[in-house]
Amino acid sequence: MSDYVIETRGLTKTYGEQNSVSNLSIHVRKGRIYGLLGRNGAGKTTTMRMLLGLTAPSSGDVKIFGKPLRGNEKNILPRIGSLIESPGFYPNLTGTENLRIFADLRGLKSPKYIKGALEVVNLPYRDKKLFSQYSLGMKQRLAIALAVMHNPELLILDEPINGLDPIGIAEVRGFIRELCDATGKTILISSHILSEISLLADDIGIIDHGVLLEEESLKELEAKNGKYFRFTVSNAALAANLLQSKLGIQNVQVDSANELTVRDLRLDTGAAVRLFVDAGLSVSDAHLYEDTLEDYFKQVTGGEGIA
Amino acid sequence: MLKLLRCEFAKLKRKPLFFAAAAISALIPLGCALFLPEMQEFSSGAEAVDRLMSTLFQLSAYLLLMPAVVVLASNLLFEEQDNDTLKNLMTVPVSKPALALAKMTLLFLFSIAFMAVGGLVNLAIVLASGLEPVGFWKLFFVGIGQGILMWTGALPCVLLVVLLNRSYIISVIITFFYTVINYIFGINDYFIMQPFGFNPGTLLPGSLAFRWFYQYFDTSNPTAQMTELMEQISPYFVTTSQIFLVIVLESVAFLTLIALVYKHQSC
């Protein structure tokens, strides 16, 4: 059986002549948090809707728990908890009454499910406040409670921190991390906020204009993340030659008469500086630089839009 | 299905429109009893029952129940879209046709309750007048049957509302015209005097209901006008089995169409 809890192949959604999602193939591993990162309108929500069978793909396949979603909805969907777009509940009912409706439909008879879910998101059980009177943050919390109430194996959360205050964001982040670490749940989370994804996700998919540009683990992305050394010396060409011939360092680039960049991270800066000084070169600066993830994502997506 | 129906009832909590619609079932019987002099002086209990129940059948059912069913249907069928809850239901998963049918079942029960409440208010008025409610229970159950018939009769209108997808104003306009047309057809000789078969007199709820319930009124002491009317229309009366055959066929056809149209609307 496949290791992937979610696997899509060539998933495409076309509205008119415009591709909202184009040939998307994502792979979400069991027990991991997968962050789908993209700017607004990149196709994250459409992708998630297709994963839940809410939107029919124009082409391509969705496999969840190793089985095609189409035709297996009755077996697959009860194992998923989801939050898609804005929280949707009945305004004339309280939070508890709203959850009771869905608990009833899911066959969860004991009130402990509702109580437990509300506790997780810090909302009171049997509160008198109607959903229509909830703040945006409370609505979002209730939507998260609904997603986790039936203890699903897979969570699909579309921008779950929308509308939450900083404390709420930290709480939800901690709770999502704990769900994955303590109970082994698989979580697919989307966001346009890079810091959130980088704090939470184990694996990251970058989507832009409906196309998946990158799919890697956070560690791999961080490793790729443009770390490099820069030296300012009296003779950059000679210094580059020394690094290559004496220390076997590759990927050395002479930027100007006095500056060179080294992208080979095996370099020991101390040894390099000693080598330069022994060869009679003066060294006025030696620095390790690192691009942030944000720089990297901007470079990959070709511009702005990720906060 | 039972779960869905239970949830539909749960969703009605604090919904004033639904309870206002239920409350109007008592309005016409009470209004007639309080304000119309001919509804205050009866020669016998049987006459009182006949007159009050006739008001219930011809005014409450036609003019209030049918529009109420359509307006409530549009409210129920579009509440998921309005509140963005359809996505939560679909991921349970709940099938959209089953959801639509649960809502229609709720309206079916509402229609029965509407006529039952109206009938019981009439019973209370007869008893309060110190008369014996002779023949009440027979007409009470005819009233329940008419409630079911009005529910079936409202289904084509509900289908139009679903097809027009959330246009409440158009729904209300359609309901108004449909109600008026049915009321006119229900008292028009051309539609009443048609044999049982594939014709407007059988297929439209207004005329069909009249051809059914009218035979159950007390005709032991008829007036000249009543005798003439009975002679004219009695050949066209339909039996209870015939009327329920029409109800079953029409409701199966329209419920299937409503479920199909609702299924194909996006969530």
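Q: Where is A:Glu159 found?
A: A:Glu159 sits in the loop between strand S8 (154–158) and helix H6 (166–183) of chain A. Helices (H or I, at least four residues) and strands (E, at least two) are DSSP runs, numbered from the N terminus. The model is predicted: local features need pLDDT of at least 70 and side-chain atom pairs count only at pLDDT 80 or more, while totals for chains, interfaces and linings use all residues. Residues are numbered from 1 along each chain as its sequence is written, and chains are lettered from A and ligands numbered from 1 in the order in which they are written.

Q: Is A:Glu159 buried or exposed?
A: A residue is buried if 20 or more other C-beta atoms (placed from the backbone) lie within 10 Å of its own, exposed if 12 or fewer, and partly exposed in between. A:Glu159 has 22 such neighbours inside 10 Å, so it counts as buried. Its phi is positive, about 45 degrees, although it is not a glycine.

Q: Which loop holds A:Glu85, and what is its phi?
A: A:Glu85 is in the loop between strand S7 (80–83) and helix H3 (95–105) of chain A. Its phi is positive, about 55 degrees, and it is not a glycine either. With 15 C-beta neighbours inside 10 Å, A:Glu85 is partly exposed.

Q: Which residues does the cis peptide bond join?
A: The bond joins B:Val92 and B:Pro93, with omega about 5 degrees. B:Pro93 belongs to the loop between H5 and H6 of chain B.

Q: How are two packed helices described?
A: By the angle between their axes and the distance between the axes. Axes are lines fitted to C-alpha atoms, for helices over the stretch in contact, and angles run from 0 to 180 degrees between N-to-C directions. In chain B, the axes of H3 (residues 27–35) and H6 (residues 96–128) come within 8 Å and cross at roughly 25 degrees. H3(B) and H6(B) are therefore roughly parallel (under 35 degrees; over 145 is roughly antiparallel, 65 to 115 roughly perpendicular and the rest oblique).

Q: Which residues make that contact between H3(B) and H6(B)?
A: Residues are in contact if their C-beta atoms, placed from the backbone, lie within 7 Å. H3(B) supplies B:Pro29, B:Leu30 and B:Ala33, and H6(B) supplies B:Gly118, B:Val121, B:Asn122 and B:Ile125.

Q: At what angle do H8(B) and H11(B) pack?
A: H8 (residues 168–186) and H11 (residues 205–213) of chain B pack at about 35 degrees, with axes 7 Å apart. From H8(B), B:Asn182, B:Tyr183, B:Phe185 and B:Gly186 meet residues of H11(B), including B:Pro205 and B:Phe210.

Q: How many residues does each chain give to the contact between chains?
A: Chain B gives 19 residues and chain A gives 23. On the chain B side, H1(B) gives the most, with five residues.

Q: Which residues touch the most other members of the largest nonpolar core?
A: A nonpolar core is a set of buried Ala, Val, Leu, Ile, Met, Phe, Trp, Tyr and Cys residues joined through C-beta atoms within 7 Å. Of the 146 residues in the largest one, A:Ala145, A:Met149, B:Val69 and B:Val158 touch the most other members. Helix H4 (residues 45–83) of chain B contributes the largest share, 20 residues. Not counting residues up to four places away in sequence, B:Val69 touches B:Leu107, B:Ser111, B:Met150, B:Trp151 and B:Ala154. A second, separate core has 15 residues, among them A:Phe229 and A:Leu260.

Methods. Contact = placed C-beta atoms within 7 Å.
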